[in-house]
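Let's take a walk through this structure, from a spot inside it to the charged pairs. Have the sequence and the 3D view open as you read.

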Amino acid sequence: MTVNSKGTALITGASSGIGAIYADRLARRGYDLILVARNKARLDALAERLSDETGRAVEVVAADLGNKDDLGRVEKVLRTDASITMLVNNAGIGATAPLLASDIDKMEEMITLNVSALTRLTYAAVPGFVKRGTGAIINIASVVGIAPERLNGVYGGSKAFVLAFTLSLQNELADKNIRVQAVLPGATATDFWDIAGTPLEHVPSEIVMSAEDMVDAALAGFDLGEGVTIPSLPDATDWEAYEAARQNLIPNLSRSVPAARYRVGG
Ligand SMILES: NC(=O)c1ccc[n+]([C@@H]2O[C@H](COP(=O)([O-])OP(=O)(O)OC[C@H]3O[C@@H](n4cnc5c(N)ncnc54)[C@H](OP(=O)(O)O)[C@@H]3O)[C@@H](O)[C@H]2O)c1
């Protein structure tokens, strides 16, 4: 192998779709891998192919991140394996049905995976990164984090959490040499859609990107040093204007008096 190791990337949801492409691309970039998901057979097959093709060390951890004990095992790996230099928080599930057609227990499962597991894994990884003075976290959010009207609202809300959490981490870890990127994919051609309740064939093809293109674009954004990457967005200044408007609100969001338009009897 000609590429030196860049340390180990732990990727959740690596058994299919976007996570499996991250595994492929990061192995080719010189990372050893720890692949996490429930489907061990798929993880083993991917691990074997990638270690054959790239010569990198690829480990598999079969775990249901919605289960506290399994999640705890993965947290322990992140806390104790000092070779880990990157965490890709990718495992997630979606839904396309509106509130009135959704099962609250399924919604809670989604929050547990998309929000709680991602949060616990981040808390497990960051202290080691800070101690070692280096590390990167890639959080897979979604464009529905800023467009929650487009799909199931709990899914959009869970991805808005991922974006807000990422922005806060960027701020907290800015001086610690730790990169944190939020990736906001639009519709991407993976099993996600079938599992979420709308077969991919029912999604207009002009809004669907391949998982390969999505991940390659997201990694190009990472290489550019972006904190937030929206692979589909043609004009980066649209995001910059959105973010500038948000920053502009901040000084006025907390004041000792209500705004004039809300003053009673004024
Ligand atoms: N596809 C899109 O249009 C789209 C758009 C925006 C954002 N995203 C986000 O992209 C991420 C990856 O999704 P994808 O599109 O690649 O879909 P996918 O092909 O269905 O992949 C989801 C991955 O998460 C794993 N996973 C699901 N439940 C899990 C659990 N309880 N514990 C551990 N792993 C679990 C799955 O593996 P196992 O079944 O083996 O556990 C699989 O590897 C998600 O966070 C999703 O919200 C997708």
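Start with Ala182, which, leaving aside neighbours within four places in sequence, is in contact with Asn139, Leu163, Thr166, Gln170, Gly227, Val228 and Thr229; contact means heavy atoms within 4.5 Å. Ala182 and Thr229 sit 47 residues apart in sequence, and their C-alpha atoms are 6.3 Å apart in space. You'll find Ala182 in strand β6. Is Ala182 buried or exposed? Ala182 has a relative accessible area of 0%, so it is buried. Buried here means under 20% relative accessible area, exposed means over 50%, and partly exposed is in between (1.4 Å probe, protein chains only). Helices (H or I, at least four residues) and strands (E, at least two) are DSSP runs, numbered from the N terminus.

A quick word on what you're looking at: this is a predicted model, where local features need pLDDT of at least 70 and side-chain atom pairs count only at pLDDT 80 or more, while totals for chains, interfaces and linings use all residues. Residues are numbered from 1 along each chain as its sequence is written, and side-chain values use heavy atoms, with hydrogens and water left out.

Next stop, Ser142, in the loop between β5 (135-140) and α5. Ser142 counts as buried because its relative accessibility is 6%. A polar atom of the Ser142 side chain lies 3.0 Å from the backbone nitrogen of Val144. Setting aside neighbours within four places in sequence, Ser142 also touches Tyr155, Lys159, Val183, Leu184 and Pro185.

Now for the nonpolar interior. A nonpolar core is a set of buried Ala, Val, Leu, Ile, Met, Phe, Trp, Tyr and Cys residues joined through side-chain atoms within 4.5 Å. The largest one has 34 residues, and Leu10, Val36, Leu65, Val74 and Leu78 have the most contacts inside it. At least two residues of this core come from each of β2 (32-37), α3 (68-80), β4 (84-89), α4 (104-132), α5 (153-172) and β6 (178-183). Helix α4 gives the largest share, eight residues. A second, separate core has 31 residues, among them Leu26, Ala47, Met86 and Ile140.

Finally, the charged pairs. A salt bridge is a side-chain nitrogen of Lys or Arg within 4 Å of a carboxyl oxygen of Asp or Glu. By this rule there are 15 salt bridges. Here are some of them.

| Pair | N to O distance |
|---|---|
| Asp216 and Arg25 | 2.7 Å |
| Asp44 and Lys40 | 2.8 Å |
| Lys176 and Asp175 | 3.4 Å |

Where do Asp216 and Arg25 lie? Asp216 is in helix α7 (residues 211-223) and Arg25 is in helix α1 (residues 17-28), so the pair links distant parts of the chain, 191 residues apart. Asp216 is partly exposed, at 34% relative accessible area.

Asp44 and Lys40, on the other hand, both belong to helix α2 (residues 40-54), four residues apart, or about one turn of the helix. Asp44 is partly exposed at 31% relative accessibility, and Lys40 is partly exposed with a relative accessible area of 44%.

In the last pair, Lys176 is partly exposed at 33% relative accessibility, while Asp175 counts as exposed at 63%. Salt bridges that share partners also join Asp24, Arg25, Arg28, Arg49, Glu53 and Asp216 into one network.

Definitions and conventions:
A polar contact is a pair of N or O atoms within 3.5 Å; within protein, one must be able to donate a hydrogen and the other to accept it, and residues adjacent in sequence count only if both atoms are side-chain atoms.
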